[in-house]
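Dear colleague,

The findings follow directly after it, arranged by region.

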Amino acid sequence: MDTRQGQRGAGPRANVVLVGFMGTGKSTAGRALARRLRLRFVDTDAWITAEAGMPIPELFQRFGEQAFRDLETECARFVAGLRGVVVSTGGGILGRAANLELLRSTGRLVCLTARPEVILARTAPWESRPMLRTAANPRDAVERLLAERQPLYDQADLVVDTSDLTTEQVVSEICERLPYL
Ligand code: S3P
């Protein structure tokens with residue numbers, strides 16, 4: 001018997017779920033990882049955009065952050081029903097404990113990180129990032145949100161700092177360090 005099958009979120013059919021702050025490269029690395037592993041790719045922000053029928057900044061503006069977060073939980077539930085997929089998530093998805101439980105129930109969590117200055121450079125001018133574009137000082141907002149979310153990101157099975165890595169290097173590191181891929 002393969003004992004790995006009994007572990008929570010483990011086994012060859014586990015999903016690989018990329019979590020982490022905005023600008024850490026989750027969508028790019030997720031798409032490339034799925035290609036390398038020949039697995040289906042799901043991007044929670046793209047799923048929400050399709051479901052809502054509008055871009056995320058418009059969703060925030062017209063219906064508020066909570067409406068976005070509700071759709072995020074719906075997407076986490078959808079993803080938890082899948083097996084063997086690579087998932088990229090929005091940076092705030094672990095803010096609800098239910099989402100963490102859902103994503104962990106069938107997946108391994110990989111947290112991508114980057115230095116604050118790298119995050120700022122990659123996300124500027126923040127037009128598509130409602131959590132940053134309305135902030136008086138985006139750098140302060142990044143630092144405050146990072147500190148607030150750190151305990152959530154610490155729940156991941158694996159952490160990869162993408163600050164100085166290419167997408168292919170990020171993918172290789174995940175494949176090397178995540179067992180049973
Ligand atoms: C958010 C991050 C965004 C998107 C939304 C909210 C956040 O995704 O889900 O704007 O709260 O950090 P990315 O992490 O892909 O930028």
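Two helices, α4 and α7 (130-133), each contribute at least two residues to the shell around the ligand. Please note that the model is a predicted one.

The ligand site

The shell around the ligand comprises 13 residues, of which Lys26, Asp45, Arg69, Arg129 and Arg149 come nearest. The space that the ligand takes is the largest pocket.

An oxygen atom of the ligand lies 2.8 Å from an N or O atom in the side chain of arginine 129. The backbone also takes part: a polar backbone atom of glycine 91 is 2.9 Å from an oxygen atom of the ligand, and for a polar backbone atom of glycine 92 the distance to an oxygen atom of the ligand is 3.4 Å. On its own, the ligand has 390 Å² of accessible area, and the protein covers 94% of that.

Lysine 26, one of the residues that come nearest to the ligand, belongs to helix α1 (residues 26-37). Is lysine 26 buried or exposed? Its relative accessible area is 8%, and lysine 26 is therefore buried, the cut-off being under 20%. Lysine 26 and threonine 89 are 63 residues apart in sequence, yet their C-alpha atoms are 7.1 Å apart in space.

Helix α4

Helix α4 covers residues 65-80, which makes 16 residues. From its first C-alpha to its last, α4 reaches 22 Å, close to the 22 Å expected at 1.5 Å a residue. Which residues of α4 are buried? They are Phe68, Arg69, Leu71, Glu72, Thr73, Cys75, Ala76, Val79 and Ala80. An α-helix has 3.6 residues a turn, so residues three or four places apart point the same way.

Valine 16 is located in strand β1 (residues 15-20). Valine 16 counts as buried because its relative accessibility is 2%, under the 20% cut-off. The C-alpha atoms of valine 16 and valine 86 are separated by 4.8 Å, although these residues are 70 residues apart along the chain.

Leucine 94 is placed in the loop between β3 (85-88) and α5 (97-106). Leucine 94 also counts as buried, with 3% relative accessibility. Between leucine 94 and valine 159, which are 65 residues apart in sequence, the C-alpha to C-alpha distance is 15 Å.

Backbone geometry

Most residues other than glycine have a negative phi, and most peptide bonds are trans.

Alanine 124 and proline 125 are joined by a cis peptide bond, with omega at about 5°. Proline 125 lies in the loop between α6 (116-123) and α7. Tryptophan 126 is likewise in the loop between α6 and α7, and its phi is near 70°, a positive value in a residue other than glycine. At 22% relative accessibility, tryptophan 126 counts as partly exposed.

Arginine 38, in the loop between α1 and β2 (40-43), has a phi near 55°, which is also positive in a residue other than glycine. Where the relative accessible area is over 50% a residue is exposed, so arginine 38, at 77%, is exposed.

Yours sincerely

Definitions and conventions. Residues are numbered from 1 along each chain as its sequence is written. This is a predicted model: local features need pLDDT of at least 70, side-chain atom pairs count only at pLDDT 80 or more; totals for chains, interfaces and linings use all residues. Side-chain values use heavy atoms; hydrogens and water are left out. Helices (H or I, at least four residues) and strands (E, at least two) are DSSP runs, numbered from the N terminus. The expected span of a helix is 1.5 Å times one less than its number of residues. Buried means under 20% relative accessible area, exposed over 50%, partly exposed in between (1.4 Å probe, protein chains only). A residue is near a molecule or strand if one of its heavy atoms lies within 4 Å of it. A polar contact is a pair of N or O atoms within 3.5 Å; within protein, one must be able to donate a hydrogen and the other to accept it, and residues adjacent in sequence count only if both atoms are side-chain atoms. Accessible areas come from the Shrake-Rupley method with a 1.4 Å probe; for residues, only the protein chains shown count as cover. On a 1 Å grid over the protein atoms alone, a cavity is a set of points where a 1.4 Å probe fits but cannot get out, and a pocket is an open set with protein on both sides within 12 Å along at least five of seven lines; lining residues have an atom within 4 Å of a point. A molecule sits in a cavity or pocket if more than half of its atoms lie within 2 Å of its grid points.
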